2 protein chains.
Amino acid sequence: MSKLVYLQDRFVNTDKANISILDLSVQRAYAVFDFLRLIGNHPLHLDDHLNRFFYSAEQMRLPVPKSREEIKQIIHELIWENDIPASGIRIQLTGGNFSDGNEFFNPLLFISQAPFPAPSRDHFENGIRLASYEYQRQLPHVKSTDYLMSIWLQPYLSERSADELLYHVGGMITESPRSNFFILSQEGKLVTPATGILKGITRMKVLQLASEVYTIEERALSIEEAIGAKEAFITSTTKQILPVTQIDNRKIGNGSPGPVTTELARRLNDMVNRTI
Amino acid sequence: MSKLVYLQDRFVNTDKANISILDLSVQRAYAVFDFLRLIGNHPLHLDDHLNRFFYSAEQMRLPVPKSREEIKQIIHELIWENDIPASGIRIQLTGGNFSDGNEFFNPLLFISQAPFPAPSRDHFENGIRLASYEYQRQLPHVKSTDYLMSIWLQPYLSERSADELLYHVGGMITESPRSNFFILSQEGKLVTPATGILKGITRMKVLQLASEVYTIEERALSIEEAIGAKEAFITSTTKQILPVTQIDNRKIGNGSPGPVTTELARRLNDMVNRTI
């Protein structure tokens, strides 16, 4: 059944949620978005996601045509009307209709909701395999719609029987296309790259949680150090915490999800359940 | 007056040329295009542009839903119906509606026409100023819709009173966002970067023309060598040949358009007039 989408001051059915081919997202890939999870119709970390959405928009010089409170109201209306308890909400702002000067934007806002893919049980229990690839996302601190490379690299992943990419610059890890990367170092510290990344909301929550127990280091991290780590995992809104058991077909630890990763995943889950 | 656009098997008015917010161009910036000029309703270098369009699509694993002959037929219908003699034609192919796997595409094709901005007389007569910026376009050999950085950098240009960007990697020039870069070296050779670039159709035509008279070198070219050159210019479908008289506020030669640049522009213009 078609669900409602908020699109420029109106609620329309998904199959009528269309924008002009002249929109800057279509013509020039100029757009930002954010994506948040609903649990039991409760939007998770809504304020954190809105903070980042407004930050991304400001970095791209796109004025947001609605206030934070208006966006919250729209989201609550969508949740009420669509009634998809296990779902995700996408808030997107594009440059609007293309004019040649490129200096003035006429931003277009849409907010859509879709069922949320449950994280794979298999991935959580057995861990995932990453394949490294040298690439730096442009404007990494901004959540733009630029996922060209991650889509283009799907065959690269398949050829390597890997589940996800791990971007690096000169052997120094940045992030996965839609996730942040962590290790538990041989010294028992939780290490995650600090620069060249999008600062994930789940990354932030994990850092908050973990800081009660572990020493945290946000710093440069090489692929070699990661492969030699005790444990590794990625974090994202859709994946929460997923253990990483291989990088470039080399095992991390004994090649199984580690106890600290599993414990952090449990604590994150508890925190989410307390939030809603 | 609204003009016709070809959009997925139909001709529609521009103001009805809409695509889903779920399209991969909107959600994931996954799309290719090409752009060609019309002179007196004649599409210039149509076969060259179609060659590149099909190449870009193949590189992005996007099957083109129409044959080359069908696309030509659509373009001729648009030209006939719209009757905008001095215009540009955009042929764009997107990944189509988004599905989470990302591995299968359902490409969407549109072909649109719009009046063509006449190249600035002032720019041609006085030359343009470039501002260098370190950046490598992703998949540079593919004409994707990714112009995020060039739009984002508009204030960088304004602050430097520059007309256009000049991308480089570690001081070695690649290209401008929508143009190729050439110099006339102190040895009187025509030099243009060979790698990390989109191979422009106008670049190809200029190389063909110039090879009758000049020694051509397609090779690595530093910003320093460019600033020390006798002359410099950029080429593109919209700009044809424009003299470059400054890079980073440093004059090239005496700071005026050079005689070889002017002569090549004249020859290119003659060639275009012979073509139509």
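Author: Start with pairing: two strands pair if DSSP finds at least two bridges between them. Strands (E, at least two residues) and helices (H or I, at least four) are DSSP runs, numbered from the N terminus. In this predicted model, A:R129 has A:Q246 in β15(A) as its bridge partner.

Reader: What should I know about the numbering and the rules for a predicted model?

Author: Residues are numbered from 1 along each chain as its sequence is written, while chains are lettered from A and ligands numbered from 1 in the order in which they are written. The model is predicted, so local features need pLDDT of at least 70, side-chain atom pairs count only at pLDDT 80 or more, and totals for chains, interfaces and linings use all residues; side-chain values use heavy atoms, with hydrogens and water left out.

Reader: What is the mean pLDDT of chain A?

Author: pLDDT is the predictor's confidence in each residue, from 0 to 100. Chain A has a mean of 95, and 98% of its residues reach 70 or more. For the complex, the predictor gives an ipTM of 0.95 and a pTM of 0.95.

Reader: Which strands pair with β15(A), and in which sense, parallel or antiparallel?

Author: Strand β8 (residues 128-134) of chain A runs parallel to β15(A), with three bridges. β14 (residues 231-236) of chain A is antiparallel to β15(A), over four bridges. There, A:S236 stands opposite A:Q240. β16 (residues 250-251) of chain A is also antiparallel to β15(A), joined by two bridges. A:I247 has A:R250 as its partner in β16(A).

Reader: How many residues lie between the strands of each hairpin?

Author: Three residues lie between β14(A) and β15(A). Two lie between β15(A) and β16(A), and in that hairpin A:D248 takes a positive phi near 50 degrees.

Reader: Is β15(A) buried or exposed?

Author: Buried means under 20% relative accessible area, exposed over 50%, partly exposed in between (1.4 Å probe, protein chains only). Seven of the eight residues of β15(A) (residues 240-247) are buried, so the strand is largely enclosed by the rest of the structure. Helix α7 (residues 201-210) of chain B is likewise largely enclosed, because eight of its ten residues are buried. Among them are B:I201, B:R203 and B:L209.

Reader: Where do B:R203 and B:E218 lie?

Author: The two form a salt bridge, closest N and O atoms 2.7 Å apart. B:R203 lies in helix α7 of chain B and B:E218 in strand β13 (residues 216-218) of chain B, so the pair ties together parts 15 residues apart in sequence. B:R203 is buried, at 4% relative accessible area. B:E218 is partly exposed, at 42%.

Reader: How many salt bridges and polar contacts link chain A and chain B?

Author: Zero salt bridges. A polar contact is a pair of N or O atoms within 3.5 Å; within protein, one must be able to donate a hydrogen and the other to accept it, and residues adjacent in sequence count only if both atoms are side-chain atoms. There are 23 residue pairs in polar contact between chain A and chain B (both at pLDDT 80 or more).

Conventions
A salt bridge is a side-chain nitrogen of Lys or Arg within 4 Å of a carboxyl oxygen of Asp or Glu.
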